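Here are my notes on the model, set down point by point for you to compare with your own reading. Please keep the sequence and the coordinates open alongside them.

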Amino acid sequence: MTQKPNTELTLEEWTERFTAHMVKMAGFTHFEDGGSVEEYAREVAAASWQDPLYRDDGPEACAESDMHYWGEE
């Protein structure tokens, strides 16, 4: 079975893959402030899905890009 191209993913499909990857890569379930990684991922996933340039990269790459900024002040 071939995977659907990133540009053809629905928002729901994108969000599920983005969220699963972010939670897996984080290695923890909650931020220091008590916020849930899963809830955060579900909230921010749509922003990358809406941008055609980011959509080409795929949900996993976008999740990793977002995580790159964690901890910066």
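The points below take the helices, the core, the aromatic pairs and a few single residues in turn.

1. Basis of the notes. This is a predicted model, in which local features need pLDDT of at least 70 and side-chain atom pairs count only at pLDDT 80 or more, whereas totals for chains, interfaces and linings use all residues. Residues are numbered from 1 along each chain as its sequence is written, and side-chain values use heavy atoms, with hydrogens and water left out.

2. Helix 1. Helices here are DSSP runs of H or I with at least four residues, numbered from the N terminus, and the expected span of a helix is 1.5 Å times one less than its number of residues. For the 16 residues of helix 1 that expectation is 22 Å, and the end C-alpha atoms are 22 Å apart, which agrees. Its buried residues are Trp 14, Thr 15, Arg 17, Phe 18, Thr 19, His 21, Met 22 and Ala 26, where buried means under 20% relative accessible area, exposed over 50% and partly exposed in between, with a 1.4 Å probe and protein chains only. These residues pack against helix 2, helix 3 and helix 4, contact being taken as heavy atoms within 4.5 Å. Just after helix 1, Gly 27 has a positive phi of about 80 degrees.

3. Helix 2. The 14 residues of helix 2 (residues 37-50) should span 20 Å, and the end C-alpha atoms lie 21 Å apart, which agrees. At the start of helix 2, a side-chain oxygen of Ser 36 comes to within 3.3 Å of the backbone nitrogen of Glu 38. The buried residues of helix 2, namely Val 37, Ala 41, Ala 45, Ser 48 and Trp 49, pack against helix 1 (11-26), helix 3 (52-57) and helix 4 (59-67). As a reminder, an α-helix has 3.6 residues a turn, so residues three or four places apart point the same way.

4. Is Ser 48 buried or exposed? At 9% relative accessibility, Ser 48 counts as buried, and, not counting residues up to four places away in sequence, Ser 48 touches Trp 14, Phe 18, Tyr 54, Arg 55 and Cys 62. Ala 47, which also lies in helix 2, counts as exposed because its relative accessibility is 52%; the C-alpha atoms of Ala 47 and Cys 62, 15 residues apart along the chain, are separated by 9.9 Å.

5. The nonpolar core. A nonpolar core is a set of buried Ala, Val, Leu, Ile, Met, Phe, Trp, Tyr and Cys residues joined through side-chain atoms within 4.5 Å. The largest one has 12 residues in all, among them Leu 9, Trp 14, Phe 18, Val 37, Trp 49, Cys 62 and Met 67. Helix 1, helix 2 and helix 4 are the elements that give two or more residues to this core. Leaving aside neighbours within four places in sequence, Leu 9 is in contact with Lys 4, Trp 14, Arg 17, Trp 49 and Pro 59.

6. Aromatic pairs. Rings of Phe, Tyr and Trp (its six-membered ring) pair if their centres lie within 6.5 Å, with planes under 30 degrees apart counted as stacked, over 60 as edge-to-face and the rest as tilted. By this rule there are five aromatic pairs. The rings of Phe 28 and Trp 70 have centres 6.0 Å apart and planes at 50 degrees, so the pair is tilted. This pair links the loop between helix 1 and helix 2, which holds Phe 28, to the segment after helix 4, which holds Trp 70, 42 residues apart. Phe 28 is partly exposed at 35% relative accessibility, as is Trp 70 at 23%. The rings of Tyr 40 and Trp 70 have centres 6.1 Å apart and planes at 75 degrees, so that pair is edge-to-face. Ring pairs link Phe 28, Phe 31, Tyr 40 and Trp 70 into a cluster.

7. Gly 58. Gly 58 is found in the loop between helix 3 and helix 4 and is buried, with a relative accessible area of 1%. Gly 58 and Asn 6 are 52 residues apart in sequence and 5.3 Å apart in space, C-alpha to C-alpha. Not counting residues up to four places away in sequence, Gly 58 touches Asn 6 and Trp 14.

Terms used. Polar contact = N/O pair within 3.5 Å; in protein donor to acceptor, adjacent residues only side chain to side chain.
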